[in-house]
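Here are my notes on the model you sent over. Have the structure open while you read.

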Amino acid sequence: MRQLQAEIIKTLHVQPNIDPAIEFRKSVDFLKGYLTRNKASKALVLGLSGGQDSTLAGFMCQTAINELNLEQQEQMYEFIAVRLPYGIQLDEQDCLDAIQFIKPSRVITVNIQASVDASFASVPIRRGEKADFLKGNVKARERMKVQYDIAGATDGLVVGTDHAAEAVTGFFTKFGDGAADILPLYRLNKRQGKQILKELGCPEHLYTKTPTADLEDNKPQIPDETALGLRYDVIDDYLEGKEIDYESAERIEARYVVTKHKRLSPVTLFDPWQ
Ligand SMILES: Nc1ncnc2c1ncn2[C@@H]1O[C@H](COP(=O)(O)OP(=O)(O)OC[C@H]2O[C@@H]([n+]3cccc(C(=O)O)c3)[C@H](O)[C@@H]2O)[C@@H](O)[C@H]1O
Ligand SMILES: Nc1ncnc2c1ncn2[C@@H]1O[C@H](COP(=O)(O)OP(=O)(O)OP(=O)(O)O)[C@@H](O)[C@H]1O
Ligand SMILES: [Mg+2]
């Protein structure tokens, strides 16, 4: 195995094979344990897009909340699923299907379009060709902001959906979807998440759905794999320690290196890696 590959697998805690039921239980117990130990926290808050990752994390959250409420014999905890469309969401039906599958304690919908547009227009800077791409990051950060607003009002924790295939490529917005309080999917690659959704009886169209960040106005629903220039199957193989083609391995590792700052706290004088 390549040296950096072994290091990445160790750092991100990826297993080559999983038992989906065991990994689901691990994540649910992790959420329950953290809530139980942190007495001030009463809710889990998560943006639900209708995509694979938030459907899985949402089901884990709701399971944790249901079990805690049952064990403590009072309805003390809640899971708040937050729908955050920018205008009209093209895959809205998937989001509604995910809600039906998860059955969240509460659903809140916030259309982020007006705030994103106002915020983007208020910054006097020339963005040139990058404008649409940069606006995508503003959308991700607006979603983060709304979730923290709700968490603040409900004594909640913001749940993130970062997993190994996203972490290794740094494919998230820094302090946008990359910002959260707790990460139940951390350690899983994309196909392992899919395996767990299948085990849970999730509607097939949700776990076979093409992953998309869906952030750019001019490239609606652009598949992550097109944006990344890498297939998740290849990234997953790499994360499972398999040998992949040289070019893809180099590409993954180059992304890993340049996005290091996104996986750490802000750099200081005392960080040895700077
Ligand atoms: N070496 C360094 N040390 C410390 N900080 C550094 C840095 N280089 C850049 N930075 C900072 O990082 C910023 C760039 O990072 P960032 O703002 O994240 O922007 P960037 O990484 O350029 O873009 C985010 C990428 O993630 C994708 N994404 C976003 C959200 C969701 C999903 C999804 O899958 O759903 C995917 C999105 O499509 C795009 O390709 C720079 O503007 C700078 O402030
Ligand atoms: N339209 C949206 N509404 C609510 N939350 C969103 C929306 N778009 C993104 N998010 C939040 O940002 C996270 C990151 O998006 P990402 O696309 O990586 O995950 P996903 O949509 O859940 O799954 P997939 O990768 O399969 O598309 C989501 O899991 C979700 O929490
Ligand atoms: Mg998505």
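The points below go from the whole chain down to single residues.

1. Ground rules. This is a predicted model, so to speak of local features we need pLDDT of at least 70, and side-chain atom pairs count only at pLDDT 80 or more, while totals for chains, interfaces and linings use all residues. Residues are numbered from 1 along each chain as its sequence is written, with chains lettered from A and ligands numbered from 1 in the order in which they are written.

2. Overall build. The chain has twelve helices and four strands; these are DSSP runs numbered from the N terminus, helices being H or I with at least four residues and strands E with at least two. Its radius of gyration is 19 Å, close to the 19 Å that the globule rule gives for 274 residues, so the chain is as compact as a globular protein of that length. (That radius is taken over C-alpha atoms, and the rule is 2.2 Å times the number of residues to the power 0.38.) The C-alpha atoms fill a box of roughly 55 × 50 × 45 Å along the principal axes.

3. Two residues are in contact if their C-beta atoms, placed from the backbone, lie within 7 Å. Among contacts with a separation of 6 or more, 74% join residues 24 or more positions apart. Buried residues make up 38% of the 274; buried means 20 or more other C-beta atoms within 10 Å of the residue's own, exposed means 12 or fewer, and partly exposed is in between, again with C-beta atoms placed from the backbone.

4. The core. The largest nonpolar core has 56 residues, and Leu44, Val45, Leu46, Met60, Cys61, Val159 and Val168 touch the most other members. Helix H3 (residues 52-71) gives the largest share, eight residues. (A nonpolar core is a set of buried Ala, Val, Leu, Ile, Met, Phe, Trp, Tyr and Cys residues joined through C-beta atoms within 7 Å.) Not counting residues up to four places away in sequence, Val168 touches Ile8, Leu12, Ile235, Leu239, Ile252 and Tyr256.

5. Ligand 2. Of the 18 residues around ligand 2, Gly47, Ser49, Gly51, Gln52 and Ser54 come nearest; to be near, a residue needs its C-beta atom, placed from the backbone, within 6 Å of the molecule. H3 supplies the largest share of this shell, three residues.

6. Ligand 1. Here the shell has 15 residues, with Ala140, Thr173, Lys174, Ala213 and His261 nearest. Helix H6 (131-154) contributes the largest share, three residues.

7. What UniProt says. An unreviewed entry lists "domain: NAD/GMP synthase" for residues 25-265, a span that is 51% helix and 7% strand in this model. UniProt also places the feature "binding site" (unreviewed entry) at several positions, including Gly47, Gly51 and Thr212. UniProt positions follow the numbering used here, feature names are shortened, and annotations may be inferred rather than shown by experiment.

8. Two of those sites. Gly51 lies in the loop between S1 and H3 and counts as buried, with 22 C-beta neighbours inside 10 Å. Thr212, in the loop between helix H9 (204-207) and H10, is buried as well, with 20 such neighbours. Leaving aside neighbours within four places in sequence, Gly51 is in contact with Lys209, Pro211 and Thr212.

9. An exposed spot. Glu92, in helix H4 (residues 92-102), counts as exposed because it has 12 C-beta neighbours inside 10 Å.
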